[in-house]
Amino acid sequence: MKMGKYEFDFEKKSYIMGILNVTPDSFSDGGSYVNLDLALKQAEQMVKDGAAIVDIGGESTRPGYTRISDQEEIERVAPVIEAIRSRIDVAISLDTYKSEVAKAGIDAGVDMINDIWGLKGDEKMADLLAKHQIACCLMHNRKNPYLHSFQEDYFSDIEEILAIADKAGLSRERIVLDPGVGFAKTYEQNLWVIKELDQMKRWNLPILLGTSRKSVIGLTLDLPVNEREEGTIATTVYGRQKGASIFRVHDVKANYRALKMADAILNIEL
């Protein structure tokens, strides 16, 4: 898959996406990188530690988050995108579900849009992405209760996401899928989507797994946000075995090393 000028071989390799939240209120690192210099320094460190993609977020999407205006989100992310684009050789992803913010990000030079609502949060997003044929990650999420079995509705939701993309003319060669760990799911449902991650391979699209420091790890290990690195690494290695190719994480170096070891085992041939 092409992301801007960057070529990714998701069939044979795996990649780390480093999380760069330029927000005051994200659940794990809120307020850490609201300064442009600090954000740029963190992006440089993540690339040094092994990140192939930097995912920039300007609005927290933690449980109970407060939505901000499009303009405020643009003012947070655009300068960071432009600074990274001009100084660091790395693919840039923008974490937004708003078409106006996505448009500003594309104008600023992003290579990918990471949409936590899978084209269903803003009716203009699908057409925008199709117009630019930009790489995108489309995540499973939902506002309404599950009507049938969780599994049935879960897979039906993903089919709906892809139907929206197809109708808009967005090429499937530009699409990555995210099972949406931590979004509209109970603790048990989050564990299930991780366990059954390989079922997403039915669509023959790259899979992104984002579990970093999330509540499913905190609840399992009874640990606070800043002590969930080992749990995240466990899901990264397991996710790789199940077919995921991109891993969205806060702790880049540790996950990169674990993933490199997992890949060496998975790819060995005698």
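**Salt bridges of the predicted model**

Asp107 is exposed, with a relative accessible area of 56% (buried means under 20% relative accessible area, exposed over 50%, and partly exposed in between, for a 1.4 Å probe and protein chains only). The model is predicted, so that local features need pLDDT of at least 70 and side-chain atom pairs count only at pLDDT 80 or more, whereas totals for chains, interfaces and linings use all residues. Residues are numbered from 1 along each chain as its sequence is written, and side-chain values use heavy atoms, with hydrogens and water left out.

Asp107 pairs with Lys103 in a salt bridge (a side-chain nitrogen of Lys or Arg within 4 Å of a carboxyl oxygen of Asp or Glu), in which the closest N and O atoms lie 3.4 Å apart. Because Asp107 and Lys103 are four residues apart in helix α3, about one helical turn separates them; Lys103 is partly exposed, at a relative accessible area of 37%.

A salt bridge also joins the side chains of Lys98 and Glu73, with an N to O distance of 2.9 Å. This pair links distant parts of the chain, 25 residues apart, with Lys98 in the loop between β5 (91-95) and α3 (99-108) and Glu73 in helix α2 (residues 70-87). Lys98 is buried, with a relative accessible area of 1%, and Glu73 is likewise counted as buried at 1% relative accessibility.

In the salt bridge between Arg172 and Asp166, the closest N and O atoms are 2.7 Å apart; Arg172 is partly exposed at 33% relative accessibility, and Asp166 is partly exposed with a relative accessible area of 37%.

Note on methods
Helix = DSSP H or I, 4+ residues; strand = E, 2+ residues; numbered from the N terminus.
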